[in-house]
Amino acid sequence: MWLFAAFLLVPLIEIALFIQVGGAIGLWPTLGIVILTAILGTWLVRTQGLMAMGNLRRSFSELDDPTEPLAHGAMILIAGALLLTPGFFTDGIGFALLAPPVRHAVYNYLRKRVHVQKFEMGPENPRRPRHPDIIETDYHEVDAKDSHSRGDSGWTRH
């Protein structure tokens with residue numbers, strides 16, 4: 001139901017804002033603002049996205065929890081989509097999502113609502129077996145007739 005409301009209300013808000021702004025400053029300045037915000041938004045999304053990718057790479061290389069850099073990257077991606085959509089309301093939300101304090105606030109809000117059951121990072125410690133009574137190995141089957149044809153292995157007494 002929330003998605004339906006968003007698809008209904010956002011275009012109505014955008015149309016109302018276009019009418020209000022266009023009536024106040026005229027058609028061409030309004031279109032100029034829309035184009036300028038798309039260009040500025042694209043540049044900001046690119047720079048913020050590169051910083052988010054750097055943070056994500058750092059968290060992977062240091063074996064830190066990548067949840068926050070991934071969430072920031074997702075919010076920057078959503079901001080880019082909103083900034084490329086013509087309109088003042090979507091541009092406002094998009095520019096807000098590009099501000100790191102807003103992203104931190106959204107991340108903290110979502111982190112309180114989402115509960116992770118289990119999170120593991122990096123390979124297991126090879127010195128500590130998962131189950132001490134299990135020994136992992138590789139093997140291959142040998143036919144009984146093949147084992148006699150090769151002779152005594154030297155490992156058993158016959």
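This is a predicted model: local features need pLDDT of at least 70, side-chain atom pairs count only at pLDDT 80 or more; totals for chains, interfaces and linings use all residues.

User: Got it. How many helices and strands are there?
Analyst: Six helices and zero strands, so the order from the N terminus is α-α-α-α-α-α. Helices (H or I, at least four residues) and strands (E, at least two) are DSSP runs, numbered from the N terminus.

User: And what share of the residues is buried?
Analyst: Of the 158 residues, 17% count as buried. Buried means under 20% relative accessible area, exposed means over 50%, and partly exposed is in between (1.4 Å probe, protein chains only).

User: Which residues make up the largest nonpolar core?
Analyst: There are ten: Val45, Ala52, Met75, Ile76, Ala79, Leu82, Leu83, Leu97, Leu98 and Tyr107. Helix H2 (27–61), helix H3 (67–84) and helix H4 (88–98) are the elements that give two or more residues to this core. H3 has the largest share, with five residues. By "nonpolar core" I mean a set of buried Ala, Val, Leu, Ile, Met, Phe, Trp, Tyr and Cys residues joined through side-chain atoms within 4.5 Å.

User: What is Tyr107 in contact with?
Analyst: Leaving aside neighbours within four places in sequence, Tyr107 is in contact with Thr67, Glu68, Ala71 and Met75. Contact here means heavy atoms within 4.5 Å.

User: What about contacts across the protein, how far apart in sequence are they?
Analyst: Take the contacts with a separation of 6 or more: residues 24 or more positions apart account for 62% of them.

User: Switching topic. Where is Arg103, and is it buried or exposed?
Analyst: Arg103 is in helix H5 (residues 100–113). Arg103 is buried yet has no salt bridge, and the nearest side chain of opposite charge, Glu68, is 8.3 Å away. For charges, Lys and Arg count as positive and Asp and Glu as negative, while His and the chain ends are not counted. A salt bridge is a side-chain nitrogen of Lys or Arg within 4 Å of a carboxyl oxygen of Asp or Glu.

User: So what does Arg103 touch?
Analyst: Not counting residues up to four places away in sequence, Arg103 touches Gln48, His72, Met75, Ile76, Leu97 and Leu98. The Arg103 side chain also reaches the backbone oxygen of Leu97 at 3.4 Å. That's a polar contact: a pair of N or O atoms within 3.5 Å, where within protein one must be able to donate a hydrogen and the other to accept it, and residues adjacent in sequence count only if both atoms are side-chain atoms.

User: How many salt bridges does the structure hold?
Analyst: Two. Glu62 forms one with Arg58, with the closest N and O atoms 3.3 Å apart, and Asp64 meets Arg58 in a salt bridge at 3.6 Å, N to O. Together Arg58, Glu62 and Asp64 are linked in a network.

User: Why does Arg58 count as partly exposed?
Analyst: Because its relative accessibility is 38%. Glu62 is partly exposed too, at 47%, and so is Asp64, at 33%.

User: What about Leu63, where is that?
Analyst: Leu63 is in the loop between H2 and H3. Phi of Leu63 is near 55°, a positive value in a residue other than glycine.

User: Last one: Thr90. Why does Thr90 count as buried?
Analyst: Because the relative accessible area of Thr90 is 5%. Thr90 is in helix H4, and the Thr90 side chain reaches the backbone oxygen of Leu82 at 3.5 Å. Leaving aside neighbours within four places in sequence, Thr90 is in contact with Val10, Glu14, Leu82 and Thr85.

Key. Residues are numbered from 1 along each chain as its sequence is written. Side-chain values use heavy atoms; hydrogens and water are left out.
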